[in-house]
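Colleague: I am new to this structure, and I would like to learn how to read its features one at a time. Could you take me through them slowly?

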Amino acid sequence: TVEYTIYADGIVDVHAEFRTDEDFTLPRLGLAGSITPGYDNLTWYGLGPDENYADRKAAAWFGVFESTVKDMEEGYARSQTMGNRGEARWLSLTDDMGRGLKITAGSELGFSALHVRDWDLIHTIRHNHDMNLIRLPQTILSLDCVQIGLGNGGIDPLDEYRIRNNSSNRLRHNSRRRICRRRMPSDCSRLQCRTKKLFSKK
């Protein structure tokens, strides 16, 4: 179930609950959305700077990191899900003038922001290394409350890094428009009058 609470000041609270049953086998639980092209500057406070997962984060540390959506891609021999950043406290996606979206975590939050869909990585190009075949102008933002570990060398993840069957998992966060981080104050007052559609319909 997903519950949205929308406030007059533009903040949106999101509470989601995911229940697994005895036969649950999916690798992740969370929400995903498509964000309008142009919001390619990414900043986050959490584990980084490189991708990390529950069972592969010894080389990651907490900090505030910056990247672009394009630079979140990884060059694997076989295309697969990529770019996760774990234990994020907040993240923002902005355009070159600092306008965009900021998401603040209210629970455990891992995320990825890519110009490709997981489905296309796994089913469309598979062993083909040309990401240009599936790269999109919009950003696919995934927000996960839990994700299975990677395992190693064809070995499944340890039990402690799996998603438990017959369990309840919660994802809570709020989002707000972020306006004008890189502009002078006189420009900010003008930009605040503009409305900008962040999420695409498709």
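Predicted model: local features only at pLDDT ≥ 70, side-chain atom pairs only at ≥ 80, totals over all residues.

Colleague: Let me begin with the sheets; in what order do the strands of the open three-stranded sheet lie, and which of them are the edge strands?

Modeller: The general idea is that strands of a sheet pair through backbone hydrogen bonds, either parallel or antiparallel. In this structure the open sheet of three strands has the order β3-β9-β8, and its pairing is antiparallel. The edge strands are β3 (28–35) and β8 (110–114), each of which pairs on one side only. From one strand to the next, the twist averages 15°.

Colleague: How many bridges join β8 to β9, and which residue stands opposite phenylalanine 111?

Modeller: Five bridges join β8 to β9, the latter covering residues 139–147, and the two run antiparallel. Phenylalanine 111 stands opposite leucine 143, which belongs to β9.

Colleague: Which residues of the largest nonpolar core touch the most other members?

Modeller: In soluble globular proteins, nonpolar side chains tend to be buried together. The largest nonpolar core here has 34 residues, and those that touch the most other members are Leu42, Leu91, Phe111, Leu141, Leu143 and Leu171. The elements giving two or more residues to this core include β3, β8, β9 and the helix α1 (118–125). The strand β2 gives the most, with four residues.

Colleague: Is isoleucine 6 buried or exposed?

Modeller: A residue counts as exposed when its relative accessible area is over 50%. Isoleucine 6 has a relative accessible area of 66%, and therefore it is exposed. Together with Val2 and Tyr4, Ile6 forms a nonpolar patch on the surface, with about 330 Å² of accessible area for the three together.

Colleague: Finally, where does serine 107 lie, and how far is its C-alpha atom from that of histidine 15?

Modeller: Serine 107 lies in the loop between β7 and β8, and it is partly exposed because its relative accessible area is 22%, a value between the limits of 20% and 50%. The C-alpha atoms of serine 107 and histidine 15 are separated by 9.7 Å, although these residues are 92 residues apart along the chain.

Definitions and conventions:
Residues numbered from 1 in each chain as written. Heavy atoms only, no water. Patch = residues over 30% accessible without salt bridge, like charges linked within 9 Å, V, L, I, M, F, W, Y side chains within 5 Å. Areas by Shrake-Rupley, 256 points an atom, 1.4 Å probe, with all protein chains shown as cover. Salt bridge = Lys/Arg side-chain N within 4 Å of Asp/Glu carboxyl O. Buried < 20%, exposed > 50% of the residue type's maximum accessible area, 1.4 Å probe, protein only. Pairing = 2+ DSSP bridges. Axes fitted to C-alpha atoms, helices over the stretch in contact; angles between N-to-C directions. Core = buried A, V, L, I, M, F, W, Y, C linked by side-chain atoms within 4.5 Å.
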